[in-house]
Each structure stands twice: as structure tokens, then as C-alpha cells.
Amino acid sequence: MPSPLPPRAVFAMDPVHLPLLFPPPLLARLKKAADLDPSLVVRDFADPASAAALSEAKVLITGWGCPHLDADALAVAPGLRAVLHAAGSVRSLVGEALWQRGITVSSAVTGNALPVAEYTLAMILLAGKDAFTHRERFRTTHAYPTHAETAATGNVGRRVGVIGASRVGRRLLELLRPFDFAVLLHDPYVSPAEAAELGAELLPLEDLLRHSDIVSLHAPDIPETYRMLDGARLALIRDGGVLINTSRGALVDPEALTGELVSGRLHAVLDVTEPEPLPAGSPLYHLPNVFLTPHIAGSLGNELERLGRIVVEELERLVAGLPPAHQVRHADLVRVA
């Protein structure tokens with residue numbers, strides 16, 4: 001009995017990402033598992049040049065730059081059975097029509113969580129050593145700090161508050177285990193027993209803010225978390241405390257945060273902001289107590305290959321008749337990114 005033909009798969013993303021997501025060894029695995037033309041990368045579902053391939057497609061391999069998968073997009077791919085996303089959240093990618101058709105969705109968000117957690121760990125360790133303040137001072141004074149200036153510096157017993165036991169949050173909690181931190185956690189979907197298993201003490205949000213030296217945001221960007229750190233809650237963080245945001249800028253009131261940082265009361269490590277990027281005149285670009293980066297915590301450069309590998313493995317599972325290992329379900333989107 002002849003083997004079934006491999007499913008037709010089509011790339012849909014900004015082609016600039018393709019070589020890093022799928023270097024030759026991974027591309028070879030993709031081509032073995034599916035009928036795939038690597039030279040065809042869809043940027044517009046209405047493009048006549050893509051129509052023939054999309055009409056036969058069973059699988060879409062998507063990434064950053066993929067058009068929104070709404071009813072019009074799906075109309076040109078009537079046989080579509082699966083969307084394998086070589087990036088993080090599918091919230092802005094997938095429309096209601098796709099869920100109504102029962103199309104399987106998988107995301108490499110787990111792979112993207114690792115570099116964010118690693119970046120956050122690095123920032124926590126540097127913040128605990130007050131590295132950013134010492135760097136700024138050393139650049140101008142060329143003088144070593146006195147014992148009095150370093151008396152409160154160090155990571156032994158530092159209280160780290162993690163907001164959100166998301167994929168990134170859980171990976172960060174795992175990475176924090178070897179260090180001498182006191183780890184606090186706030187997440188409305190986690191029980192005290194589960195928090196203890198994750199190596200943290202579960203607290204209400206306000207208590208976490210009051211008792212943390214460093215606060216790190218890992219909650220999803222959903223309506224319930226919009227501006228969750230408003231002026232009143234930011235004011236609960238102790239003087240000299242550090243806020244790290246590698247999640248989304250919308251979780252923090254930008255005016256209240258700017259006020260706290262301009263006053264010098266708080267320090268911040270901000271990989272995301274609102275708006276993004278900040279306007280050219282924002283004082284946050286120049287404040288010595290702000291470490292500002294251009295949304296680099298997620299997968300970049302050679303880290304993209306990890307996302308591609310997850311997609312390849314998902315495709316191989318589907319072809320073998322197995323369920324995806326990283327499936328995204330519609331019901332989950334109410335509380336995940």
C-alpha cells in the first residue's frame with residue numbers, strides 16, 4: 001500500500017526571518033515532512049501569485065509579519081488544517097473564523113519564553129548588585145565606591161517579586177532556584193501549594209509590591225491586566241526598588257511610571273514600553289536610573305532557530321498522526337498572551 005502523500009505546507013511571514021528560523025538542516029526536515037516550496041513566502045493572502053499554493057495548503061507555517069488570519073484569508077485556503085506559528089503569541093494573528101473552523105493552532109511560545117527568562121534573570125542579578133548605578137557613577141567619577149555606598153548591595157536574601165506564572169514567569173522561577181533569593185509570586189490562577197512547588201510564596205499583588213526589592217512583570221497583555229501597575233500600586237514599591245518589564249508596556253501606567261523614575265524614587269529595567277518605541281523627547285532615554293532596551297529580551301539572532309525547531313517537530317508529529325505538543329486552545333486566550 002503506497003504511503004500517503006505529504007501535506008502541502010506554505011510559509012506565511014516576513015521572509016527576512018526565514019533563514020534564521022529554518023537554517024538548512026531544519027529546512028531539510030520540513031521538506032521531508034511536507035510538500036513545501038521554500039521560495040514561496042506569503043505576505044498577502046490576496047496575492048494571485050500565492051493563490052494556487054494556498055488553495056492546496058493543509059498547513060500554514062507562520063511567523064512575525066504574517067497577515068491576520070481572518071475569514072478572507074481562510075477563504076483562499078479551504079483545506080487548511082493546521083497553523084504552526086514560529087513565534088510567540090497568536091493573539092493578534094488568529095481571528096475568530098479560524099477557531100470556528102476547528103483548525104489546529106500550535107505556537108513556539110515556549111521556546112520564546114526561555115530567552116526572556118534568561119534576560120530577566122541577568123537583569124535581576126545586575127540590579128541586585130546595583131550595577132547600573134555604579135556604571136553611571138564610574139563613567140563620570142572614575143572612582144571606586146566606598147563601603148558605605150555598597151552596604152545595601154548584593155543578592156543574598158534579595159526579595160524578588162514575580163507577577164505572573166506565565167511560561168516566562170515559570171521559567172524564570174526555575175532559573176531563580178539556585179540563587180539566595182526570597183521569591184514572591186502573584187498570579188490569580190495559582191494556588192499557594194503550586195506556588196510553593198514553583199519555589200515561591202504566593203501573595204496578593206499589593207503585598208508583593210510592598211515586600212519586594214525587585215519586581216518583575218510576566219503577566220499577559222489582556223484587558224484584566226491593562227494598567228495593573230497604576231500610580232497607587234507603583235507607590236507601594238519601596239524607595240530604591242527596581243521594576244523590570246519584559247512583558248508589555250500596557251501593563252504599567254506610563255505617566256505614573258515616568259513620574260516615579262524622574263523623581264529618582266524607583267529604578268527600572270524596561271525592555272518594553274508604552275508607546276513602543278518611546279517618543280524622542282521621553283526623559284527615560286537619559287535617566288541614570290533607567291536601563292532601557294529596544295524589545296530584545298525575546299528570541300533574536302541564533303535564538304530563532306529554537307523556534308523553528310519547535311515548528312519542525314510539531315509538523316513531524318502531525319504527519320505521524322500525533323497531537324501537537326504546543327497546541328494553543330481558544331479557551332486559553334482569556335488568560336494567556
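Contact here means heavy atoms within 4.5 Å. Axes are lines fitted to C-alpha atoms, for helices over the stretch in contact, and angles run from 0 to 180 degrees between N-to-C directions. Helices (H or I, at least four residues) and strands (E, at least two) are DSSP runs, numbered from the N terminus.

This is a predicted model, where local features need pLDDT of at least 70, side-chain atom pairs count only at pLDDT 80 or more, and totals for chains, interfaces and linings use all residues. Residues are numbered from 1 along each chain as its sequence is written, and side-chain values use heavy atoms, leaving out hydrogens and water.

Now the helix. H12, residues 254-263, lies across strands S10 (242-245), S11 (267-270) and S12. Its angle to S11 is about 130°.

S12 belongs to an open sheet of 7 strands, paired in parallel, in the order S8-S7-S6-S9-S10-S11-S12. Two strands pair if DSSP finds at least two bridges between them. The edge strands, S8 (201-202) and S12 (290-292), each pair on one side only. S8 is joined to S7 (residues 182-186) by 2 bridges, in the parallel sense. There, Leu184 has Glu201 as its bridge partner.

Next, S4, residues 82-85. Is each face of S4 buried or exposed? Both are covered: Ala82 and Leu84 on one side, and Val83 and His85 on the other, are buried (under 20% relative accessible area, with exposed over 50% and partly exposed in between; 1.4 Å probe, protein chains only). In a regular strand, side chains alternate between the two faces of the sheet.

S4 runs parallel to S3 (residues 59-62), with 4 bridges, and pairs in parallel with S5 (residues 104-107), also over 4 bridges. His85 stands opposite Thr62 and opposite Ser107 in S5.
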